Amino acid sequence: MPSLQELATQLQEKNIALIAHYYTDPLVQDLAKLSQGCVGDSLEMARFGHDHPAQTLMVAGVKFMAETAKILSPDKTVYLLDQDATCSLDIHCPSDAFAAFKAQHPDRVVVVYANTSAAVKAQADWVITSSIALDVVRHLHNQGKKILWAPDKYLGHWIQSQTQADMVIWDGACVVHEEFKAKELAALQAQHPEALTLVHPESPADVIALADIVGSTTQLIKAASTHPATLCIVATDQHILHAMRQAAPHKQFIAAPTAGHSGSCKSCAFCPWMGLNTIEKVQALLQQPSTTAIEVPTPVRTKAFQALKKMLDFAQ
Ligand code: 13P
Ligand code: SF4
């Protein structure tokens, strides 16, 4: 196996930008940084792929992230490290069922979470990520707009509670964040009253209610490093702890408890699809580029582009 430095050199020599999410293997995150690629939340990944001059983007994440990169940069070649890397939110929001849901609410602005297929994004007025969802919905609500929201019900209900917007919400959830448990989290907080609790908004409402900070992965990492607390309880995929420890090496981090587990469980709070992204797959793709680069049919891409571009422009 070549060293990280050797892989980074190969990526740079081939003019490939490696764009990784914080839920991927720590080695993949380190390689993305070392090769001058990007480690980020969904919004940062989308923006980086769009703005970067490299002709080839290698996405270490899940399918919706690679599709987003392709929609925003149709002339670039986009690879996903593992073609089977998907997302429970995407799986449970099929485009035909979503079209029927939308048809029932023709008077609503359609706001779709980035964790969806290109075909669902193509039906949206706005695509948003967790880092910007609150601001976009507040903006629409202030304009008197009623909203149709899909697919994450927990994120949707949290935004509704923060904005008082009129929202009809699809019944979807993330299999990883849905596992965090409020009763056990409250008990952990009681043991560590000095700890700062960081929660991703895909978590259930009673878990979010116990949070000091609610935000996207990048927002949680920033809070972990800037807040004076030296102990943090973290309710999101545990691979994020790698970036948190890099950002705040002197601090301690504890995993928030999931169903039936104290928080020390090795397999819970790890997204199974994000976990498919390994350094071996980066090496394999570098040695023999897959013939199955991500493709999005032009009519779908053109419509989805408008809703995604609106998000990037709003987030300027
Ligand atoms: P972020 O945009 O906060 O990184 O979230 C992406 C995701 O899939 C969370 O489960
Ligand atoms: Fe999807 Fe949840 Fe995995 Fe994020 S953590 S990619 S929302 S299944």
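Strand β8 (residues 167–169) runs parallel to β7, and three bridges join the two. Strands count as paired if DSSP finds at least two bridges between them. Helices (H or I, at least four residues) and strands (E, at least two) are DSSP runs, numbered from the N terminus. Leu 148 has Val 168 as its bridge partner in β8. Between β7 and β8 the chain passes through helix α9 (residues 153–163), a right-handed β-α-β crossover. Right-handed is defined with the strands pointing away from the viewer: the path from the first strand over the helix to the second then runs clockwise.

Strand β5 (residues 109–113) also runs parallel to β7, with four bridges. Here Val 110 pairs with Leu 148 of β7. β5 pairs with strand β6 (residues 126–128) as well, again in the parallel sense, over three bridges. Tyr 113 has Ile 128 as its bridge partner in β6.

## Model and numbering

This is a predicted model, in which local features need pLDDT of at least 70 and side-chain atom pairs count only at pLDDT 80 or more, while totals for chains, interfaces and linings use all residues. Residues are numbered from 1 along each chain as its sequence is written, and chains are lettered from A and ligands numbered from 1 in the order in which they are written.

## Burial of the strands

In a regular strand the side chains alternate between the two faces of the sheet. Which residues cover the two sides of β7 (residues 147–150)? Ile 147 and Trp 149 lie on one side, Leu 148 and Ala 150 on the other, and all are buried. Buried means 20 or more other C-beta atoms within 10 Å of the residue's own; exposed means 12 or fewer, and partly exposed lies in between, with C-beta atoms placed from the backbone. β5 is mostly covered, with four of its five residues buried.

## Loops and backbone angles

The loop between β7 and α9 holds Pro 151. The peptide bond from Ala 150 to Pro 151 is cis, with omega near -10 degrees.

Two glutamines have positive phi. For Gln 36, phi is near 65 degrees. Gln 36 sits in the loop between α2 (26–34) and β2 (38–40). Gln 36 is partly exposed, with 13 other C-beta atoms within 10 Å. Its C-alpha atom is 9.4 Å from that of Leu 11, at a separation of 25 residues along the chain. Gln 164 has a positive phi of about 65 degrees, though not a glycine. Gln 164 belongs to the loop between α9 and β8. Gln 164 is exposed, with 9 other C-beta atoms within 10 Å.

## Domains and their contact

The protein divides into domain 1 (4–85 + 275–296), domain 2 (89–169) and domain 3 (177–270). These bounds come from an automatic or database domain assignment. The C-alpha centres of domains 1 and 2 are 27 Å apart. Nine residues from domain 1 and nine residues from domain 2 make the contact. Contact requires C-beta atoms, placed from the backbone, within 7 Å.

On the domain 1 side, α3 (42–51) and α4 (63–72) are the elements that give two or more residues. α4 gives the most, with five residues. By class, this side of domain 1 has four nonpolar, two polar and three charged residues. Ala, Val, Leu, Ile, Met, Phe, Trp, Tyr, Cys and Pro count as nonpolar, Asp, Glu, Lys and Arg as charged, and the others, Gly among them, as polar.

## Ligand shells

What surrounds ligand 1? The shell includes Asp 41, Ser 42, Asn 115, Thr 129, His 200 and Glu 202. A residue is in a shell if its C-beta atom, placed from the backbone, lies within 6 Å of the molecule. By class, the shell around ligand 1 has one nonpolar, eight polar and two charged residues. Domain 2 and domain 3 each supply at least three residues to this shell.

Ligand 2 is surrounded by 14 residues, of which Cys 87, Ser 88, Cys 174, Val 176 and Cys 271 are the closest. This shell divides into 10 nonpolar, two polar and two charged residues.

Definitions and conventions
Two residues are in contact if their C-beta atoms, placed from the backbone, lie within 7 Å.
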